[in-house]
Amino acid sequence: MHLKVASVFVAGLAAVEVSALPKMPEWWKPKSWTSPPQQHFRTAELGPRPQFLVADMDEGWLKDKLSSCSDAVARPSKFSIGHRGGACMQFPEETRESVEAGIRMGAGILECDVAFTSDRELVCRHDQCDLHTTTNIVATDLGAKCTTPFTPASDGAAATASCCTSDITLAEFKSLCGKMDGSNASATTPEDFLHGTPAWRTDLYATCGTVLSHKEFLEVVSSHGRDFTTELKQPRVPMPFDGNYTQELYAQQVVEEYRAAAIDPSRVWLQSFSFVDILYWLRADPAFGKQAVLLDESGDTPETFPAAVANLSLYKDAGVQIVAPPLQYLVALGEDDEYVPSSYATTARDLGLKILTWSLERSGPLAQAAAAGDYYWSTVANGTHSDGDMYRLVDVLARQVGVQGIFSDWSATVTYYANCFGL
């Protein structure tokens, strides 16, 4: 999630601790597409992270409760929503590998953010113009097609590039390798620009992630019997695109791909930051529109937050059933640095709106994130001190705010809580 506004990436020059990919290894080659087998996993593989977080919690009833579930068999849960595939803390986002890892970790709903190519095909990308940081495009011949081709760092100026899905065809997109999101501000070659993975992530699984068309995403998720959420990313090019490709045609194309795949609308949660897109789906295809999710980041500052709360009644009156603000909109600090529901949360709940939220596990070690004023922890930063506070937040969101699901970059974290509390 988290809407981006810049179309040209300019990397900061400040020194950042990053891991390093090798220079365009020969084994960085796209894998040929193979249809996934039908495998409906009945259990989830959660690994050590949930127990690491539980062990780091302050003593109390919540820690005791979560500890008591350590030996339980975990099962998939729709409360656990795979953000950008569900495993992008360690796997390249929006790739087959991230989706399949999210499925293994019990995400009941998997996400593909869609953008369009130059030949009007839908592909899974978090931003229409993020190929320069999430794929190897700048180090391929396709780099010459980028909106802003790679420019090396020079005389104190950062390396730059901006590469969009609309710069290339679907076939060209499928020739790319997905990588961990990041870039090297001081790069003097395209290969060096590919570096930049934050140190708390890893390049262990970034050996050429399989980028996905939206149709392929539907095929993978369908093969495992899970549900779907597709976010319509806002275009970074003027619309209509290429003459007559309007925003409505773009929004309708998503629906048509679900219908062509014979996927029941009850298994689909369409998303958009655009109120207009939600209204279109409500009007044009109510079967899909009734579960459309309005993403909301209109209250990012103390000055705009009251208006974001006030607008909830407008959305409800217009027929919106589900809103999805970022984590920090839903919580505030109460007495003794307790996390408590915010005015946004209580207003949405009083209006009868269902709530989803994003994005857990996106911030790195929480003590560092809180000290740095991380976006997702900004409203509770002064009461956040350790990684164990992750489950303190999840618990308030689940039991006090009443969210229907949480998007996470590491699905196992939410799946574990959901299983322990029967969600």
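So, one definition before anything else: buried means under 20% relative accessible area, exposed means over 50%, and partly exposed is in between, with a 1.4 Å probe and protein chains only. Keep in mind that this is a predicted model, where local features need pLDDT of at least 70 and side-chain atom pairs count only at pLDDT 80 or more, while totals for chains, interfaces and linings use all residues. Residues are numbered from 1 along each chain as its sequence is written, and side-chain values use heavy atoms, with hydrogens and water left out.

Let's start with serine 166. With 10% relative accessibility, serine 166 counts as buried. You'll find serine 166 in the loop between β7 (160-162) and α5 (170-173); helices (H or I, at least four residues) and strands (E, at least two) are DSSP runs, numbered from the N terminus. If we skip residues up to four places away in sequence, serine 166 touches Phe116, Thr117, Ser118, Gln128, Val237 and Phe241, where contact means heavy atoms within 4.5 Å.

Another loop residue, then. Asparagine 184 sits in the loop between β8 (177-178) and α6 (190-193), and asparagine 184 is partly exposed, at a relative accessible area of 21%. What does asparagine 184 touch, not counting residues up to four places away in sequence? That would be Ala159, Asp192, Phe193 and His195. For alanine 159, which is 25 residues apart from asparagine 184 along the chain, the C-alpha separation is 7.5 Å.

On to the helices. Valine 254 has its place in helix α8, and valine 254 counts as buried, at 1% relative accessibility. Its partners, again leaving out residues up to four places away in sequence, are Val114, Leu122, His214, Thr230, Leu232 and Leu270. Threonine 230 is 24 residues apart from valine 254 along the chain, and their C-alpha atoms are separated by 8.0 Å.

Now, how does α8 meet α9? The axes of α8 (residues 247-260) and α9 (residues 275-284) come within 10 Å and cross at roughly 60 degrees. Axes here are lines fitted to C-alpha atoms, for helices over the stretch in contact, and angles run from 0 to 180 degrees between N-to-C directions. So α8 is oblique to α9; under 35 degrees is roughly parallel, over 145 roughly antiparallel, 65 to 115 roughly perpendicular, and the rest oblique. On the α8 side the contact is made by Gln247, Glu248, Ala251, Gln252 and Val255, and on the α9 side by Asp277, Tyr280, Trp281, Arg283 and Ala284.

Tryptophan 281 deserves a moment. Leaving aside neighbours within four places in sequence, tryptophan 281 is in contact with residues including Leu232, Ala251, Val255, Leu270 and Pro286.

And that takes us to the core. A nonpolar core is a set of buried Ala, Val, Leu, Ile, Met, Phe, Trp, Tyr and Cys residues joined through side-chain atoms within 4.5 Å. The largest one has 97 residues, and Leu66, Phe217, Tyr258, Trp281, Tyr391 and Leu397 touch the most other members. Helix α14 (residues 389-401) gives the most to this core, with eight residues. Apart from that core lies another, of 19 residues, among them Leu142, Cys146, Ala161 and Val211.

Last stop: α14 and its partner α15 (residues 411-420). Their axes come within 11 Å and cross at roughly 55 degrees, so α14 is oblique to α15. In α14, Met390, Tyr391, Val394, Asp395, Ala398 and Arg399 meet Ala412, Thr413, Tyr416 and Tyr417 in α15.
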